[in-house]
Structures are given as structure tokens and as C-alpha cells.
Number of protein chains: 2
Amino acid sequence: MGRRRAAIVGAGHTRFGVLPATPRELLCQAVDAAVASVDRGFERALVGEAFLGTLGFSGWQLGNASAVLAEEAGLVGVPVTRVENACASAGFALRHAALAIQSGERDVVLAVGFEKMNDTTSTRRRYWLGVSGDTEWERLSGLTFAGVYGLMAGRYLHDYDCPPEALAEVAVKNHANGALNPNAQFQKPVSREKVLAAPRVATPLGLFDCCPVSDGAAALLLVGEEMAHRFTDTPVYVAGLGAGSDRLALQERESMTSLKATQIAAKEAFRRAGFERSSVQFLEVHDCFTIAELLAIEDLGFAEPGRAGALTLEGATRLHGRLPVNPDGGLKAKGHPIGATGASQAYEAFVQLRGAAGARQVPHAERALTHNVGGSGASATVSLFSIQ
Amino acid sequence: MGRRRAAIVGAGHTRFGVLPATPRELLCQAVDAAVASVDRGFERALVGEAFLGTLGFSGWQLGNASAVLAEEAGLVGVPVTRVENACASAGFALRHAALAIQSGERDVVLAVGFEKMNDTTSTRRRYWLGVSGDTEWERLSGLTFAGVYGLMAGRYLHDYDCPPEALAEVAVKNHANGALNPNAQFQKPVSREKVLAAPRVATPLGLFDCCPVSDGAAALLLVGEEMAHRFTDTPVYVAGLGAGSDRLALQERESMTSLKATQIAAKEAFRRAGFERSSVQFLEVHDCFTIAELLAIEDLGFAEPGRAGALTLEGATRLHGRLPVNPDGGLKAKGHPIGATGASQAYEAFVQLRGAAGARQVPHAERALTHNVGGSGASATVSLFSIQ
């Protein structure tokens, strides 16, 4: 309150998917698109600091990737910080980009999220995914991320007597939304029958309950709110930021059916923003697996524990439902290039709140929430955006 | 100016060296020591956010290490961000910790730097060190970090007609200082003759021109300046922060005998702090190799290009010289656990400016500069500290 807010004035997004582009090309494409998206008067020489969210998947440039961003974004000389909080890397990168503006330290900041996952073998990919899980217990027992979320899903269905159709409906909805998003990895609707009949990956989760392996990048340009109208008539403001953490291993947590890090982050973000949940028109949540979307809706405070399944089956979270969730297709259909996701979610908030989302536009969207999770809930960010 | 400054009220430091401690134990030790070092009224429940600088060396917990810090520091629930800018990881972690306070977002923030390097084979260690160099050219041509700095040293000696004794004197001085530091990896003086006669690693750099492979951690507790006196009568203020970047590969840079990232960072830090170089009593610079200390003295603006060798040979940079450099022994003798170094340097500033550095105390120290470099100069931070 009373602090200088950050405003987004430009955003860029590559296609997500199995892409021929190299890491450097992906970074370039996202940043160039963000710069080109600013309505007027912008040049990259204005950027005073940058943040890069990436897991460094496949070890392409495991250390010092920030310098590569400086090179590819035409920002040599400008400080760049690599932030790594597993799948929440870009959510945290965005957080610190906004704080760099809020602190008065910088006027113009670039936040980029990025991952290149499809340049290694599937065996090595399993290793690279595993590095964000708990090393000492989960990896020791061979537990993959699908395995961890499978345990959470099994418990959730049991505790709340929730039908598996609720999970399937998350996939159906997100694939339907993805079909309207030209950047999505999957742009094809799927039927509930197909989802339910698919091979199991980690019971009760099947193939269509899991997000894909994706390449991609997204970039955001943030400025101090007082200068936003120099660049556009329609800036989108960062209204509130929240973040939290939890224990790394699922077995150490208080609950298997809620993420405490999300709860903490959401509470803080709404306190900072000073508005109510009821004034938010849509959510971008971290649906790395279908169960994760149900947990997120509850942990963010938009449904009572155990009620998100029914809400989903009623159609409330569809694009034209009363609370659209993941209008861009979510991690499920849009894809989940690990370090890119938090920035991609903010891109969607930016585009939707400006009414520029085309076929997937959420009607009358003035406030949006994005939610990014690291690992299976070890960390989370929640960001609130508004047009005023 | 006029912004809320961050003040350091506590700092902890493990021994640096080849340690039996596990990564979790090292994190614990540094944080516990920092908490215990606060003079009064502190409890870890006050910490609102934390930053962890680490390269993630040896892949122990490559992703999501931030959650491990939350667990080991007793901060589960609190947002933790892992920052990775190679050897400058903790310098950048400290920067963002200070900005989180400057922004008004947090009142109490923990910054930790950490690395466990001695838990893998020397072949794998070479890999892990290599990941922070330029992947596409330097690694392709088999260039190690000693090789990169060897090229810089060769060029420097040639261009400025500097005698190799100047490099040796950096090692002699830093080993002498390390002998007075109970946390240093090497606590034994060396003679100039021994340094000059040692086996070459990457000509003109010999064994004693190179920092060792180290385990260790350091932690800092920062608070908003208005609350600093609640915790201590002798806080140390973060007076100015600066940061910069450069191209990743040496061959792409404008100069082989200066680091532009350091120059940019220093210029900014002094501008923010509002005081002159002449009012700083000592420097903690990033001497990963002896040549790096000479370059730093020049790039930071404390000597003209090519003059740092003579300054060193005159004894000006010794503990009781007119501008002490690396009173703690520097990376050279104290050790260089990659992600820990930036935090360790700030620890030294804190201890020295409070007059608590014992045998290695710099007389009348009221202002100090710390300088942390990522890779061979791809990024750098400069931080200025003062007692007022």
C-alpha cells in the first residue's frame, strides 16, 4: 500500500512444444516478442535489470545462464539474476522483478522464464526431472513426480469420495482451452471417455492427467507505475505478490491433499492487493497434473476442501463458467517448459486483462490470479494483476 | 537516496575447507551461527523471506535447494529463493535480500551462501566447475577456469610489463591474512620463493595462484534500518549496491585485462552510496586466481590500469598497508566454496566494521567494499557497507 507498483507494458511468448529452436533462439524469440509488443516508445536500452527463471534442464548451461540471457536479449552490461525454484522459477523471477521496481532500484525490468526439455534422452530427462524432488527419500525410493502427485490424487479421491471423472474433466476443459490457444503444445480437444480410458501413469493418474515435456519461453517487461502510460494506454498492474514454502518431501508435510505453500502465498497476495477473491475473474493455476488444479482451487481459497471436483464437474471452471481456470489450456494442454511456466501464466494475465486473448478471451476480465508451484509444493508464488 | 536501507544485525560463517559436514549440516551451522550472533531480541520466526546463493555443485540437490534451506533454517512456510549466478550467486542473493527490505516488502531477511564441493571425484568436479564457463566455445576447446584466468594473466603481464612477482605477492599476502583467520581453509603463510617455484597449473598461474576447492557456508541477517537498534548497538548498513554483466566467453569481451561487469557494478554502488572511494578502508575482492585480485583493484577504481601490481609489491594492500585487500585471506587462502563466497565477503565486512575481527582487524574500518564475480566476469556485484 502506498508503495510504487510495477506495471507490465509488454509480454512475449514462444510456441510451447517439441521445438527445433535452440535455447538461445527461444530466449531471443520471447524477449524480441515482448519488446515488439510494447505499444510505443520502448527500446531495450531502457532495461535496467533482468531476471531469468530456469531449472537449467538437461545441463545445457547449468551455471551462469543469466549471462546468456544478457547476450541474447541485447542487454550486455545489465545485471541479470538467474532464479531457480524448480517449476516455480519464473514465478519467483517475476516476484523479484516486481520488487526491484517497488524498491525504487530500477525503473524498467525484464523477467524471462525458459526451458529446453526436448534435447536429451528420456532416461536423462527422468534424472533432470528428479533433481527437483527430495533427493534423500523420494528419489531413493524411486518416486517420480507423477508418483508423488499420484499419491496425492489417490488420497484426495478417497478422503473426499470424489469421482475420478472430476480429474478427467480438468483434462477435458484444459484441452478445450488449449485448442483455442495458438501457443499451446496441444491444440486438440479430448473427450472424457478418451481421458478415462488412457493408460495409467501413476494410478489414479493416466496419460491425460499429466502435463507434457515442453520447450518454450515467455518474457515480461515491467516498469514503475508512474511511467506506464508512456508506453501503453493499457498497462496491467502487479496488484499483489505472495510466496510461501513447505517441506520438500511429501511424507514430511502436514497434509497430502493441500499445499500449504499455496495457502500462505494466496493469503499474502490478497492482503497486499487489498481486494477480495470474489473480484477476480479468472485463475491461472499450476496444473502439472489434473489433481494439482483441484488442490490449487481449494488452497487458493476459491472452494472448500474437497469441493473443487464438484465445481469442475458442474462446469464452473470452464472458459465461460463462473470462474474460468486456465483459459490458456494450463500446463496440461499449453505445455510446461519448467522454468517458463510462471512467466507464461503472467503473459496470459496480461493478454486477457487487455482483452486481447481472442477466441479464449474471458469476458469482462479486470483482475486475474496466477499460481506457480515448485516441485510438488516445496514453494509457491501467487500474483494478482489488475487493470487499475 | 531517501530509500529505506537494509542493515546487517547478525552473521554466521562455517569453517571453509575439506569438511566432513553434509550440505544440510553446513546450512544449519551458518544460519544457527548468524541467529546466535545477534546481540539481543532476535528469533528466527521474525524472518520474512530468505535467499540462497548456490551453484548446486555436484548435483546434490540441483533443483529446489531453497526448500532445503527452509527446512534446515527452521523457516518452513517462509518464501526462499535460490539465486544462481555461478561464483557470484551469494553476491546476488545478498543484493536481492537487501532490495526485499528496501522495497518495504519485508522487515527481516536471511541471505545464505553455500557450496559443498568435496563430495565428488575430481573428474566430476571438473565438469561441475565447467558448467559456469561458456558451454559452446570455452568448454568445446577444453578451456578450464584456470585456463581462462591464465590467458588473462599472460596478457596482463605482457601488456603492462608487470613482473610475475606481483602475482606471487598477492598469494603471499592472502596466505598471511588467512593465517590470522580461524575460518580459513589455509592458515599457513607461504614465501614468495615457494609460490614462484610451485608447479604451473595454467602458465603463468601456478598452484599458489589458484584458490582451492572448498566446502562452506555463510549467512547474514538483514533488517530494515529503522529497527536495527532493536537487535544491536552496532548494525552495519548496506550503503550501496551495484551489479553488472558481460559476455560469457572471454573471446567475446572487449578486453582481456579488465572486467567490465566489475566496472559497471562499482560505478553504480558508489553512486548509490554517495561517498568516494577514498573513504573506504578495505576491499574484499574476488581473487579466485591471483591475477583476478590485480584486475579487481583496477576495475573497482582503486588503481589505474596496469598499476595494481606495483601497488601490491609496495605492500599497500597488506593488512596494515594503506588499502588492505582481502584481510580474511580472500578466496585464495580462506577458500572458495562457490555459492558461499559473496556471503562470506559480507560476513567479513560485518565483523571488521564492528571491530570484531581479532588478529586480522583492519584499523579504523568504517566503510568497506565487497566484490563478487560470476564465472570469469560474466556477472559481478559490488556492495558497500558502512557503520552509519
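Modeller: Let's start with helix H9 of chain A, where Ala261(A), Thr262(A), Gln263(A), Ile264(A), Ala265(A), Ala266(A), Glu268(A), Ala269(A), Phe270(A) and Ala273(A) are buried. Helices are DSSP runs of H or I with at least four residues, strands are runs of E with at least two, and both are numbered from the N terminus.

Before going on, a word on what you're looking at. This is a predicted model, in which local features need pLDDT of at least 70 and side-chain atom pairs count only at pLDDT 80 or more, while totals for chains, interfaces and linings use all residues. Residues are numbered from 1 along each chain as its sequence is written, with chains lettered from A and ligands numbered from 1 in the order in which they are written.

Back to our helix. From first C-alpha to last, H9(A) reaches 20 Å, close to the 20 Å expected at 1.5 Å a residue (the expected span is 1.5 Å times one less than the number of residues). Just past its end, Gly274(A) takes a positive phi of about 75°.

What lies over the buried residues? The cover of H9(A) includes E8, helix H10 (290-299), E10 and E11 of chain A.

Three of those are strands that belong together. E11(A), residues 379-386, runs antiparallel to E8(A), with eight bridges joining them; Gly240(A) has Leu384(A) as its bridge partner there. E11(A) also runs antiparallel to E10(A), residues 367-374, again through eight bridges, and Val373(A) stands opposite Ala380(A). Two strands count as paired if DSSP finds at least two bridges between them. Where E10(A) and E11(A) form a hairpin, four residues lie between the strands, and Gly375(A) has a positive phi near 65°. Seven of the eight residues of E11(A) are buried, so this strand is largely enclosed by the rest of the structure.

Now zoom out to the partner chain. H9(A) and E8(A) are among the elements that each supply at least two residues of the side of chain A touching chain B. In total, 47 residues of chain A are in contact with 47 residues of chain B, where contact means C-beta atoms, placed from the backbone, within 7 Å. The chain A side divides into 20 nonpolar, 19 polar and eight charged residues. Asp, Glu, Lys and Arg count as charged; Ala, Val, Leu, Ile, Met, Phe, Trp, Tyr, Cys and Pro as nonpolar; the others, Gly among them, as polar.

How do the copies relate? The same surface serves both, as 100% of the contact residues of chain A recur in chain B.

How values were computed:
Two residues are in contact if their C-beta atoms, placed from the backbone, lie within 7 Å. A residue is buried if 20 or more other C-beta atoms lie within 10 Å of its own, exposed if 12 or fewer, and partly exposed in between; C-beta atoms are placed from the backbone.
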